[in-house]
Amino acid sequence: MVKLIVTVCVALVCAAGLSVGQEIPAYIKQCRRSDPQLPDCLKASLQHLRPYLSSGIPEIKLPSVEPFVMDQLSLQLTGGPQGYRINLKNMEVFGASNFTVRSLKLSEGNQPFEARLTIPKLLIHAKYTSSGVLIIIPASGSGDFDAVFDGVTADVKGLVSVSEKPTGMHLRVDKLDLNLSIKKPRLSVSKIFNNNRILTEATNLFLRENGHEVLRALQPQLQKKLSTEFTGIANQLLDNVPIHYFLQD
């Protein structure tokens with residue numbers, strides 16, 4: 001998902017400054033600005049990038065998206081002074097490169113570009129710590145957290161600017177907003193409470209029965225962090241690859 005957004009941003013350029021004669025990298029599928037089916041060509045360019053996003057692009061220091069790594073998220077799941085709170089650290093996200101571009105709206109004037117991507121499944125593994133009371137059971141502990149998100153839709157909206165470098169005109173992502181829709185979240189924990197079976201089962205029962213509520217609590221932080229991370233990855237690509245590699249006259 002990550003590096004897709006990168007290319008989405010590229011795709012939505014309205015500036016030119018093309019030159020000829022340079023060898024186009026294998027991970028770039030060029031489009032012509034005059035193509036009446038330009039949005040379809042740009043969608044195909046995004047699809048072309050998928051294996052490179054999965055493995056990474058060392059020559060421009062673009063890391064692999066498998067797994068995509070985030071630092072941590074924290075959330076309060078129940079209220080009160082003994083409310084149940086969890087922290088997720090060292091998060092690894094798998095499946096982001098297996099995306100399909102469903103729609104693409106090009107940038108016009110000062111309007112942002114828009115794209116919709118779908119991913120069949122995202123897997124998240126993280127280290128988990130919790131504190132407080134869950135239902136009526138003290139639930140402070142630590143262990144492993146796993147999530148399976150089935151049917152993920154990512155709506156992306158962003159603004160880009162153009163700058164000139166010795167290598168040519170380059171894009172930069174100035175703002176990126178991401179909204180996730182997940183059909184079915186499946187959450188679980190393991191190796192917690194010194195493997196206390198009762199506490200582990202109580203926690204997993206809570207996560208199973210309240211998966212969508214937990215996801216709603218998690219989603220604002222998750223989307224904000226992903227937007228920040230995606231912007232950094234996008235700019236890593238765009239700083240190294242000039243516009244004319246993506247679009248030609």
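Me: What makes Arg50 count as lying over the face of Phe99?

Reply: Arg50 is 5.8 Å from the ring centre of Phe99. The rule wants NZ of Lys or CZ of Arg within 6 Å of the ring centre and within 35 degrees of the ring normal. The distance of 5.8 Å is within 6 Å, and the pair is listed as a charge over a ring. This is a predicted model, in which local features need pLDDT of at least 70 and side-chain atom pairs pLDDT 80 or more, while totals for chains, interfaces and linings use all residues. Residues are numbered from 1 along each chain as its sequence is written, and side-chain values use heavy atoms, without hydrogens or water.

Me: Why is the pair of Tyr27 and Tyr52 called edge-to-face?

Reply: Rings of Phe, Tyr and Trp (its six-membered ring) pair if their centres lie within 6.5 Å; planes under 30 degrees apart are stacked, over 60 edge-to-face, the rest tilted. The centres of Tyr27 and Tyr52 are 6.2 Å apart and the planes are at 65°, so the pair is edge-to-face. The count by this rule is one aromatic pair.

Me: Where do Tyr27 and Tyr52 sit in the chain?

Reply: Tyr27 is in the loop between helix 1 (2–11) and strand 1, and Tyr52 is in helix 2, 25 residues apart. Helices (H or I, at least four residues) and strands (E, at least two) are DSSP runs, numbered from the N terminus. The chain has five helices and ten strands.

Me: How do you know whether Tyr27 is buried or exposed?

Reply: Buried means under 20% relative accessible area, exposed over 50%, partly exposed in between (1.4 Å probe, protein chains only). Tyr27 has 5%, so Tyr27 is buried. Tyr52 has 26%, so Tyr52 is partly exposed. Of the 249 residues, 47% count as buried.

Me: What makes Cys31 and Cys41 a disulfide?

Reply: The cut-off is a pair of cysteine sulfur atoms within 2.5 Å. Cys31 and Cys41 are 2.1 Å apart, S to S. That is within the limit, so the pair is a disulfide. The structure holds one disulfide.

Me: Why is the disulfide of Cys31 and Cys41 left-handed?

Reply: The torsion about its S-S bond is about -100°, so the disulfide is left-handed. Cys31 lies in strand 1 (residues 31–32) and Cys41 in helix 2 (residues 38–55), ten residues apart. Both Cys31 and Cys41 are buried.

Me: How do you know that Asp150 counts as buried?

Reply: Asp150 has 16% relative accessibility, so Asp150 counts as buried. Asp150 sits in strand 8 (residues 141–165). Contact means heavy atoms within 4.5 Å. Leaving aside neighbours within four places in sequence, Asp150 contacts Pro120, Lys121, Ile182, Lys183, Lys184 and Arg186.

Me: Why does Thr231 count as buried?

Reply: Thr231 is at 18% relative accessibility, so Thr231 counts as buried. Thr231 is found in helix 4. With neighbours within four places set aside, Thr231 contacts Val173 and Leu176.

Me: What makes a set of residues a nonpolar core?

Reply: The members are buried Ala, Val, Leu, Ile, Met, Phe, Trp, Tyr and Cys residues, joined through side-chain atoms within 4.5 Å. The largest such core has 61 residues; Tyr27, Phe68 and Leu226 are among those with the most contacts inside it. Helix 4 (residues 211–240) gives the most to this core, ten residues. Apart from it lies another core of seven residues, including Cys31, Leu38, Leu42 and Leu104.
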